[in-house]
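Dear colleague,

I am handing over the structure below, and after it I set out what was found, taking one part at a time. Please read the notes with the model open beside them.

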Amino acid sequence: MAVDTETVRQMARLARLTVEEDRLEQVAQQMSEILDFMGEINAFKAEDTEPDWQQPSTARRADVVEDFTPLDRSEDTNKTQENFVRVPPIKGAH
Amino acid sequence: MEAAIIAAAVRTGNRKAIDVISGSLERAQAAQDLGIFTQLQAKSALAAARLLDQKIARGEQGGRLAGVPIAVKDNIAERGQAMTAGSNMLFGHVAARTATALKRLQAEGAIVIGRTNMDAFGMGSSGENSAYGPTKNPLNTAHVPGGSSSGSAAAVAADIVPLALGSDTGGSVRQPASFCGLVGLKPTYGRISRSGLLAFASSLDQIGPLTKTVRDAAIVTSIMAGYDKSDPTSLVDLMQPFTPKAKPNLEGCRIGMPRQCWDTNGNNAVNNTVRAAISKLEALGAIVVSLEIPSLTVAIPTYYLLTSAEAASNLSRFDGIRFGWRAEADDLLQSYVATRSKGFGPEVQRRILLGTFALAEGWSDALYRKADAMRITMRAEMDQALEAVDILAMPTAPTPAFKLGAKTANPIDMYRSDIYTTPPSLTGHPAISVPAGTVDGLPVGLQLVGKRGDEAAVLRFGMAVTGR
């Protein structure tokens, strides 16, 4: 599976990453090699199946909201103020 | 050094927890050039030890792991402690809660002395993909300790702690166990709660212990095991009890050697050493049979497609807004992109791109959907094979620990190190790596894979090999 630089640029955009212009060729080359290797999977016949997830014998918990305090939230405190996430001010507004 | 023996001494008052923990911290300090820890927690560890000693002096129960120093992989949360998963992306992140598995160990008296180095976000087989620099193998410092639980394996191999927690998505506990001469267990998917484990590929991730003995692995796993309401994929079924026996009677037991794992493509010296370890099981009465599991030949592409797709999705939450490090920019989109491009290391970015390909319109049928179908086929084949035999046996890794830098230039070569460990992760079966012997002076592991839910069997056969 050959991957061109335009496709790499497109995938990077979707993944919210930048690939520097001077590295595009190299990344496209590497992705092509990796996808060729991954393509070995197509040599193998597999049943046509629906998407799968592991099916352990799990229990369903009751759908009840439990109390939590801001301390239990996982955001970093240097990024929060009271119950809000802090972001930089909007630039170029005036 | 064995956790159970330390705990027994502390519990009965024969040893003070404070002495055990101080000793462990001193050894960690002395081994600093191995790159094992991302942080040591001397203050909290010593405080916990003093509290435990007072508790025991008052005649209260110390717990099954009383005073046992443990090291925790840097992707398993402990409240109030930094958690970076070996990546610059999470620089400055402090965990808000403690992982269920760790909480259960702490409730039995285990004391965390530090957090261990790892391939960033669990992506790597050598410990070299870390923002903190590589970990060295304590048995030979020119070699890697394996990965991604590199620091956890090295901490036990260097005798700093008797027990370390790792996480295993495609071999990240078992392969470093093999490279460092340790016991490493990946339980059945769902056996141990993933709550508080930083998600890499959620449908494969499992926490697992690295220990010197199978006995310790059994104790620790049984403590961590069990349903947890904060992980809806955790199993309700109880783990089967395991009675440690150095020489169990294995008359009538059948061991399956999948031909796909014993082809001459493998390293012959590794195969011979691992085969010799299996003969110990034959000496106890077990019968060895060869069998076929055809889908194993495409385990690596299947694994890398599915895990990269899940990782691309899981890691989308790291945009600099809520956790860790943030690159400031003129607008939010630029800030996301700058944060992610500078925060994630090269291997993580490679996998995110690969995962994005695998899920992209026009590609996903040939990549993600195909890999998912392969996984279902593989699980059916493994279940079928395990109806005919009690356990599957193969090398844990195709080579002993390779040299630092040997595979960093070639990702596909690195991915191939996971050839034998990825199948049980894909299918959810429990698997253990136990020391089988050495090749060129470096340890190699025997991997034993059991029926889903049957940790007791892998522990029983594992202990029959190691005797402890």
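In this predicted model, G184(B) has L210(B) in strand 6 of chain B as its bridge partner. Strand 6, which covers residues 206-211 of chain B, runs antiparallel to strand 5 of chain B and is joined to it by two bridges. Strand 5 of chain B is also joined by three bridges to strand 10 (residues 431-439) of chain B, again in an antiparallel arrangement, and there L185(B) is the bridge partner of I432(B). Along strand 5 (residues 183-186) of chain B, V183(B) and L185(B) point one way while G184(B) and K186(B) point the other way, and all of these residues are buried.

Elsewhere in chain B, the axes of helix 2 (residues 17-30) and helix 3 (residues 42-57) come within 8 Å and cross at roughly 160°. Because an angle over 145 degrees counts as roughly antiparallel, helix 2 of chain B and helix 3 of chain B are described in that way. The crossing of helix 2 of chain B past helix 3 of chain B is right-handed. Helix 2 of chain B contributes A17(B), I18(B), I21(B) and L25(B) to this contact, and among the residues from helix 3 of chain B are R50(B) and D53(B). By class, the contact has nine nonpolar, two charged and no polar residues.

Finally, the contact between the chains takes 41 residues from chain A and 54 residues from chain B. On the side of chain B that touches chain A, the largest share, 10 residues, comes from helix 12 of chain B, and the residues of that side divide into 29 nonpolar, 14 polar and 11 charged.

With best wishes

Technical notes
Residues numbered from 1 in each chain as written. Chains lettered and ligands numbered in written order. Predicted model: local features only at pLDDT ≥ 70, side-chain atom pairs only at ≥ 80, totals over all residues. Contact = placed C-beta atoms within 7 Å. Helix = DSSP H or I, 4+ residues; strand = E, 2+ residues; numbered from the N terminus. Nonpolar A, V, L, I, M, F, W, Y, C, P; charged D, E, K, R; others polar. Buried ≥ 20, exposed ≤ 12 C-beta atoms within 10 Å, placed from the backbone. Pairing = 2+ DSSP bridges. Axes fitted to C-alpha atoms, helices over the stretch in contact; angles between N-to-C directions. Parallel < 35°, antiparallel > 145°, perpendicular 65-115°, else oblique. Left-handed = near helix turned anticlockwise from the far one by under 90°.
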